[in-house]
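Colleague: I am new to this structure and would like to know what stands behind the labels. Could you take me through them?

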Amino acid sequence: MATKKTCDKSFCKDYLLLSPKDVRLWDLIMLLFSKNIGNMKFIDCPNGTVEESFSRRFVIFVSIVVQKLLQVVNKPLGWVGSAIEFLPNCLDANGGFLKLLFNFISGKLVLPNKESQEFLSVIGLGDIRRDLDKTIKHHDPRYTSALAIMAAKSAYENPAYIKQTVEKHWKMEFLGFFNCWNDYEEDYTTQGFMWSDKTGESELIGVSFRGTSPFNAKDWSSDVDLSWYDLPGIGKVHAGFLKALGLQKSKGWPKDIQVDDHKPYTYYAIRQKLKDRLQDNPNAKFLITGHSLGAALAIVFPAVLAHHNETDLLSKLEGVYTFGQPRVGDHKFGEYMKEVLVTHGTRYHRFVYCNDLVPRVPFDNSDLLFKHFGDCHYYNSFYKGQVVTEEPNKNYFSLFAIIPMFANATWELMRSFIIYHQRGPEYCETYTCRGLRVFGLLIAGLPAHGPQDYVNLTRLGSPELFKLPSTT
């Protein structure tokens, strides 16, 4: 396999990398019945590796099958996403349905521009809010979390849209958009942006990573992939997230590299940008946020900072705010991160809404390594929150939870028609959002992953809950 030949893994103690594109049906059958996984060409791990546990091999089997299916539907899924985006944006570009019809007949149809300040992704069409909640001021304990989720939601959009949102709607300074290179995918897979929130003499710099695009099969493959690297002193970390953050095939995680402006690596580009900004204002702090895949990158970023002994930067890290975050590492990684966060007085708020599927993957049981760490800020479908050690039904696939999950999906669809009357016009849900909630009647918990409910819980949740310690 090409990966085995070209990737230097001297930076890690151990590794297990899955390669679904190289697998055949017979290979999958052998995986279930043979414990010698080190000899299988679609699993990259040290030669001679043996996996005695059938349950572990079965979960690897499921992970590979799902990734294989995602490869098959990659293009059709992308076409569906493009179609969903096209019509609402086309209506907006032409000034509504009647004008669109007139423009079509007269040959003056205006096609939507994906790079315009008004173009919305599927995520943006699900929740069109751009303004911050005017009732949540800086002294409100909800303020930073509410700002963080709006930034995490905005990261799905194009640079022009984000810039206008930050400058015109938030009245803050836009510090730049980043589009970064993934050595393993050989593509620009990681996006995000930075901004600055100044209040008097204080400054809070924000870093937001883009999350999983709903109709991007590669993003979903990262979420269900069980590949990992065992980093010395840190623990086992999800390989897909490390690659998206800037892990390099030939060098691993060197502390310093020669920056390539044409192929910037996420971690190094953001780290340098933060250092430059903090040099101008040594009293400033910064936060990191993200939703879904972006949430995973948000918590792995300070882990790499700690790995490189970037204590000055970590001392400026006000908090990490994640929404719908998948599991990113093993128990050892969790203990390592708790020590890093506590040592530097960094807040870590991991928000989970109701039956959201993504925080419950990759699978976690006594035989598997992926674990959450720290407290979970869990909110039910009435936006009532509590701080718990683990979200309920932590692995999603539970026979006892099926009926309650689908009953809750039905309630969420009903709620989408009445929340406007209960909470005000800013909570009115779009047709796209309601359509996704209908889809939730088939796969309960998938629509619950959207940013819509995470924005709502930061605005409607009890302020007292946001005062609680961030991690233990």
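Colleague: Why is K35 called partly exposed?

Modeller: K35 has 38% relative accessibility. Buried means under 20% relative accessible area, exposed means over 50%, and partly exposed is in between (1.4 Å probe, protein chains only). K35 is therefore counted as partly exposed. As for the source, this is a predicted model, in which local features need pLDDT of at least 70, side-chain atom pairs count only at pLDDT 80 or more, and totals for chains, interfaces and linings use all residues. Residues are numbered from 1 along each chain as its sequence is written, and side-chain values use heavy atoms, with hydrogens and water left out.

Colleague: What makes K35 and E52 a salt bridge?

Modeller: Their side chains meet at 3.4 Å, N to O. A salt bridge is a side-chain nitrogen of Lys or Arg within 4 Å of a carboxyl oxygen of Asp or Glu, so the pair qualifies. The two residues are 17 residues apart and link distant parts of the chain: K35 is in the loop between α2 (25-33) and β2 (43-44), and E52 is in the loop between β2 and α3 (54-72). Helices (H or I, at least four residues) and strands (E, at least two) are DSSP runs, numbered from the N terminus.

Colleague: Why is E52 called exposed?

Modeller: E52 has 54% relative accessibility, so E52 counts as exposed.

Colleague: How many salt bridges does the structure hold, and which residues are linked in a network?

Modeller: The structure holds 21 salt bridges. D256, R271, K275 and E310 are linked in a network of them. For E310 and K275, the closest N and O atoms are 3.2 Å apart. This pair also links distant parts of the chain, with E310 in the loop between α12 (293-307) and α13 (311-315) and K275 in helix α11 (residues 266-280), 35 residues apart.

Colleague: What about D453 and R437: where are they, and how do they meet?

Modeller: Their side chains form a salt bridge at 3.1 Å, N to O. D453 belongs to helix α17 (residues 451-460) and R437 to helix α16 (residues 431-439), 16 residues apart, and the pair links distant parts of the chain. Both residues are buried.

Colleague: What makes β1 and β6 a pair?

Modeller: Two strands pair if DSSP finds at least two bridges between them. Strand β1 (residues 14-18) and strand β6 (residues 228-231) have three bridges, so they pair, in the antiparallel sense. L16 stands opposite W228 in β6. These strands belong to an open sheet of four strands in the order β2-β1-β6-β7, with antiparallel pairing. The edge strands are β2 and β7 (235-238), since each pairs on one side only.

Colleague: Why is S154 called buried, and which residues does S154 touch?

Modeller: S154, found in helix α7 (residues 143-154), has a relative accessible area of 4% and is therefore buried. Not counting residues up to four places away in sequence, S154 touches I162, T165, W170 and F193. Contact means heavy atoms within 4.5 Å.

Colleague: How many disulfides are there?

Modeller: The count comes to zero. A disulfide is a pair of cysteine sulfur atoms within 2.5 Å. C376 is in no disulfide, because the nearest cysteine sulfur, that of C354, is 12 Å away. C376 has a relative accessible area of 0%, so C376 is buried.
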